[in-house]
Number of protein chains: 2
Amino acid sequence: MVAPKTRDRILETSLHLFNQEGLAGVSTHRIAAELGMSTGNLHYHFRTKELIVTWLFRRFEERFAPCIDAHANVTALDDLWLSLHLTFEAIDEYRFIYRDIDYLLKEFPELESRAQALTARNLVATKAMCAGLAEAGVIAASPEDVEMLALQIVFSTTCWFSFKRLTPPQKSPAYGASALAAYYALTLLSPYVVGESKDYLNYLRAKYLR
Amino acid sequence: MVAPKTRDRILETSLHLFNQEGLAGVSTHRIAAELGMSTGNLHYHFRTKELIVTWLFRRFEERFAPCIDAHANVTALDDLWLSLHLTFEAIDEYRFIYRDIDYLLKEFPELESRAQALTARNLVATKAMCAGLAEAGVIAASPEDVEMLALQIVFSTTCWFSFKRLTPPQKSPAYGASALAAYYALTLLSPYVVGESKDYLNYLRAKYLR
């Protein structure tokens, strides 16, 4: 059983290099060199870079989908914060995917429909969650508001880390990137939050707002 | 005065190719070939790809900055819609910049501080605009709300087109991408809008919501 372990090592190293150096700049030669492996041996396991990316995309789907689906169990703001936090952690782990998405889809166009399906699934789950929060009386929002909120939250989960790169660096951020991202996403709900849940939002605000 | 025209043609063709094919995939050889020009001649005008990108970035700054600054004159929702529309058009014209930003900053790191400065300028102008709308009684928003709103609007102007790529295609969109993007950004304000301005928001909603 040496083969599966080698495959895993290749995938893990590829993920690391793609995250660090960008999908465009990392060739299979580079991956083989990083592993101290001949290119021939790497090609024996993965014939092309496309196969590696497709496998990593599948792992991302497997990692991301449960985070999305967990949205269904959210009935309070603190659950939502945790759920968003875990979602951002999954995205951060595979951050080359959304960050380098344009290059990825240009090079490997057959992944486009899967990427869109993942967004669609995220939208459906997030919409159900917002509707649930409205039903539970945590937020006051019309069906149209719920639709728009879900779009805003999914947009933020998908693109937040790309955007952060474009904002001036903060002096010694006290919290991890995923926690701050979750806080940001949560603030999208703030104008709709009613009753006691407002207290939790104020607690988070005091904690995260510099 | 042949040189300036050639420089312009090179920049225009480069912009077109970067937008169409992505910054990573377009070399100076490709640009020269597209122009029917020798690589030597192209290199006479622009010694490196970096110089071309830097010039295009400067043109983007010149195109984008007035759009941002126009936010200052916004005192009503329809002005805001127009201002956002023009902003998205500028971004769309130079869409390789925000779309391929990660590759761009990795290859040409000296542009990072300029990209961050542009975002910072956008944030300041958008915050002033939101504060102005609050003062004019168009929205009801605390200083903290204004801060958050500005961040949300700037995030959407910066990343919207990248995100759209990830959502399933719509059946025959009746409106241009920039108009829909402006509508989306405007909905971020909707929970804060008060009084008669709500009518304009409902008018837009009826127009753009499928």
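**Entry 1: chain A as a whole**

I started with burial, and 36% of the 210 residues of chain A count as buried. I remind myself that this is a predicted model. Next I listed the elements of chain A and found 11 helices and 0 strands. Read from the N terminus, the order is α-α-α-α-α-α-α-α-α-α-α. I then looked up the box that the C-alpha atoms of chain A fill, and along the principal axes it comes to roughly 65 × 40 × 35 Å. For contacts in chain A between residues at least 6 apart in sequence, I noted that 70% join residues at least 24 apart.

**Entry 2: two helices of chain A side by side**

How do helix H4 and helix H5 of chain A pack? I found an angle of about 165 degrees between H4(A), residues 49–70, and H5(A), residues 77–93, with the axes 9 Å apart. An angle over 145 degrees counts as roughly antiparallel, so H4(A) is roughly antiparallel to H5(A). The contact takes Arg63(A), Phe64(A), Cys67(A), Ile68(A) and Ala70(A) from H4(A). From H5(A) come Ser83(A), Leu86(A), Thr87(A), Ala90(A) and Glu93(A). I also wrote down the handedness: H4(A) passes H5(A) in a left-handed crossing.

**Entry 3: helix H5 of chain B**

Now to chain B, where I checked the length of H5(B), residues 77–93.

Which residues of H5(B) are buried? My list reads Leu77(B), Leu80(B), Ser83(B), Leu84(B), Thr87(B), Phe88(B) and Ile91(B). Looking down the axis of H5(B), I see these buried residues within an arc of 135 degrees, so they line one face of the helix. What covers the buried residues of H5(B) includes helices H4, H6, H9, H10 and H11 of chain B.

**Entry 4: H9 and H10 of chain B**

I stayed in chain B and looked at another pair. H9(B) and H10(B) pack at about 155 degrees, with their axes 9 Å apart. That angle makes H9(B) roughly antiparallel to H10(B). On the H9(B) side I noted Ile153(B), Ser156(B), Thr157(B) and Trp160(B), and on the H10(B) side Ala181(B), Tyr184(B) and Ala185(B). The crossing of H9(B) past H10(B) is right-handed.

**Entry 5: where the chains meet**

How many residues does each chain bring to the contact? I found 28 residues from chain A and 28 residues from chain B. On the side of chain A that touches chain B, the elements giving two or more residues are helices H7, H8 and H9 of chain A. H9(A) gives the most, with 7 residues.

That sent me to H9(A) and H9(B), whose axes come within 10 Å and cross at roughly 110 degrees. The range of 65 to 115 degrees counts as roughly perpendicular, and H9(A) and H9(B) are therefore roughly perpendicular to each other. Here H9(A) passes H9(B) in a right-handed crossing. Phe155(A), Thr158(A), Cys159(A), Ser162(A) and Phe163(A) in H9(A) meet Phe155(B), Thr158(B), Cys159(B), Ser162(B) and Phe163(B) in H9(B).

Phe155(B) sits in helix H9 of chain B. Is Phe155(B) buried or exposed? I counted 26 C-beta neighbours inside 10 Å, so Phe155(B) is buried. Gly25(B) is 130 residues away from Phe155(B) along the chain, and their C-alpha atoms are separated by 26 Å.

Thr28(B) is in helix H2 of chain B, residues 28–35. With 19 C-beta neighbours inside 10 Å, Thr28(B) counts as partly exposed, because buried takes 20 or more. Leaving out residues up to four places away in sequence, I find Thr28(B) touching Thr39(B), Leu42(B), His43(B) and Lys49(B). From Thr28(B) to Val154(B) I noted 126 residues in sequence and 33 Å in space, C-alpha to C-alpha.

With 14 other C-beta atoms within 10 Å, Ala120(A) is partly exposed. Val154(A) is 34 residues from Ala120(A) in sequence, and their C-alpha atoms are 9.4 Å apart.

Note on methods:
Residues numbered from 1 in each chain as written. Chains lettered and ligands numbered in written order. Predicted model: local features only at pLDDT ≥ 70, side-chain atom pairs only at ≥ 80, totals over all residues. Helix = DSSP H or I, 4+ residues; strand = E, 2+ residues; numbered from the N terminus. Expected span 1.5 Å × (residues − 1). Buried ≥ 20, exposed ≤ 12 C-beta atoms within 10 Å, placed from the backbone. Arc of directions from axis to C-beta. Contact = placed C-beta atoms within 7 Å. Axes fitted to C-alpha atoms, helices over the stretch in contact; angles between N-to-C directions. Parallel < 35°, antiparallel > 145°, perpendicular 65-115°, else oblique. Left-handed = near helix turned anticlockwise from the far one by under 90°.
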